[in-house]
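Subject: Structure handover

Hi,

Here is the structure I promised to pass on.

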Amino acid sequence: LVDQGPGVIHVPSAFKGLKKLASRQYATSVAGYKVRADCPTCPNTKAAAAFFRTGTYVPKKPITVDFSVSPMFMADVSQEEQEGYFETFDLKVEGDWLAPTSDAIFFRKGDSASVDVFFEPDKVKKPGLYTARIRGTSRELSKSVENTLFELWAVVIKPYVFDLTSGYARRFEKESMEPGEVKRYFLRVPEGAASLRLVLSPVGGGKYTQSKLTLFDPEGREYHVPSPYVESRRNKSVNLLVPKEDLTLGVWEVVVLTHYVARDESHYNLDVTFSGFHYEFPATFSYEMGSPPRGEFTLQTLFDQVFEGRGSGGLYGYFRETEYTSKGDKIILPITLEKGVAQVKFKFTMERETYARLTDAAVTVTNDSGRAVDKSGFTSRYLTVTIENPDPSMEVDYTMEINGGFAERTGKPWSIQSEEYYQTVKHVPAKVWCDGYGYFVLYPNRAQTCEFELQGKPTLAPEGYMYYGELRFKDAKVRKNALIIPLKLVSEQ
């Protein structure tokens, strides 16, 4: 039901059920029922379903999970009629890991009714997604499914745990899926993790593989996977590193799916590895006359892991964080890509209150002749817009217009937070040493002093901007990056 939905409506059966529901005494008075339930990770800790994505924690007796059900009356129902409303509902449980404290509830007047539910953690031990529901049917009718007037949904997510016993890594070997199927892997990020690496690869041995990797963060936002497909025909794998800057604590969701047009069952391996590093990085770098720009930081490994390899990186351009506010329906941003700038990337974040007021928010970027070069919109509180410079040897101007479609015009100001990354054509590479060596070994719980040195001076950043870039630490054993440290620096002369 979670992956495929309830299916196509069978109209004759639906109409038959509707006639039954219409025979109730209050069928023309109550339009429906609003459900609110405990959801620890949701805003205000409430949602339309009980949802627990809280690590390995599952509430157990005597702790209850609380549901609240409220009748919603038709617009033409008088206050007197609402005061006279009384109806009894039977509760039918579908699922073996939860149980309500009562098998019936009563609605009096317009008051909400409470349903307290016990979870049984022993029945949701294995990692995975667990769903169950409680159906509410009027006592005037039978308890059959077609007479359901409200549903109380409960969802528990149990993640895989990564610790010393697993070496902070797991391999899901020789997994298989039929065309059109989906597999979910929930991963709890260990405290102190500096990166998450996912490798989706063919099994080999002539086994067919054609699947896609999708990743979601703890808030349910999809994380960008540049090359998400794995194929046996081309021996192609998916190799993704989520850096510390993006790796928020909580439960991440890995989804592997096989398209319904795949010609055969898909076979794959999924490797999950967390690396642990702790670093203290400066917010500045300095240079003296006749010397290259340089900076210093400390670095150590965690998780009883040893790192052996090299570091490299560089500065890629300049960036700033800012906020745009408007009292009208539009926010208009003039954008200039100066000579030597290859592109600019805007990462917008909208406040929850603002997003809740909108029916839609369209974003249009036009060039100096008025032609649209990019069209997009907010489908969540977050949006990334990238604008390319067609000729970085010249300066080019654009205009970005954000149109807020508000459900109600209140005149209240609204704002959007923005991170703006201007990538220059000229990148300034950086060398890295730890304890004086370009090739080094980092041992657990031993902080080492490291340095980076830029191989040139970066393009002068405009006032109010910082330089941005990254340092990458490549593990010599697996020949992959184990750590990426983002650089956001200001210059001190």
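Below are my notes on a sheet, the nonpolar cores and some salt bridges.

Before you start: this is a predicted model, so local features need pLDDT of at least 70 and side-chain atom pairs count only at pLDDT 80 or more, while totals for chains, interfaces and linings use all residues. Residues are numbered from 1 along each chain as its sequence is written, and side-chain values use heavy atoms, with hydrogens and water left out.

Let's begin with the sheet. It is an open one of five strands with mixed pairing, in the order β3-β10-β9-β5-β7. The edges are β3 and β7 (104-108), each of which pairs on one side only. From one strand to the next the twist averages 20 degrees. For the terms: strands are DSSP E runs of at least two residues and helices are H or I runs of at least four, numbered from the N terminus; two strands pair if DSSP finds at least two bridges between them. Axes are lines fitted to C-alpha atoms, for helices over the stretch in contact, with angles running from 0 to 180 degrees between N-to-C directions.

Strand β10 (residues 148-158) is worth a look. Eight of its eleven residues are buried (under 20% relative accessible area; exposed is over 50% and partly exposed in between, with a 1.4 Å probe and protein chains only). Strand β3 (residues 50-52) runs parallel to β10 and is joined to it by three bridges. Here A50 has A154 as its bridge partner, and F52 has V156. Strand β9 (residues 128-138) pairs with β10 in the antiparallel sense, over ten bridges. R135 stands opposite E151 in β10, and those two also belong to a network of salt bridges with E94 and R133.

Next, the cores (sets of buried Ala, Val, Leu, Ile, Met, Phe, Trp, Tyr and Cys residues joined through side-chain atoms within 4.5 Å). The largest has 53 residues, and M400 and F473 have the most contacts inside it. Strand β29 (residues 414-434) gives the most to this core, namely seven residues. Apart from it lies another core of 32 residues, including V30, V58, F67 and A154. Back to M400: not counting residues up to four places away in sequence, it touches I331, I332, L333, I335, F346, F348, V363, T364, V365, V385 and I387 (contact being heavy atoms within 4.5 Å).

Finally, how many salt bridges are there? The count comes to 25, taking a side-chain nitrogen of Lys or Arg within 4 Å of a carboxyl oxygen of Asp or Glu. Some pairs to check:

- K46 and D38 meet at 2.6 Å, N to O. K46 is partly exposed, at 32% relative accessible area, whereas D38 is buried, at 15%.
- K109 and E83 meet at 3.7 Å, N to O. K109 lies in the loop between β7 and β8 (113-119) and E83 in helix α2 (residues 79-83), so this pair ties together parts that are 26 residues apart in sequence. K109 is partly exposed, with a relative accessible area of 40%, and E83 counts as partly exposed at 40%.
- R472 pairs with E470, their closest N and O atoms being 3.1 Å apart. R472 is partly exposed, at 23% relative accessible area.

Cheers
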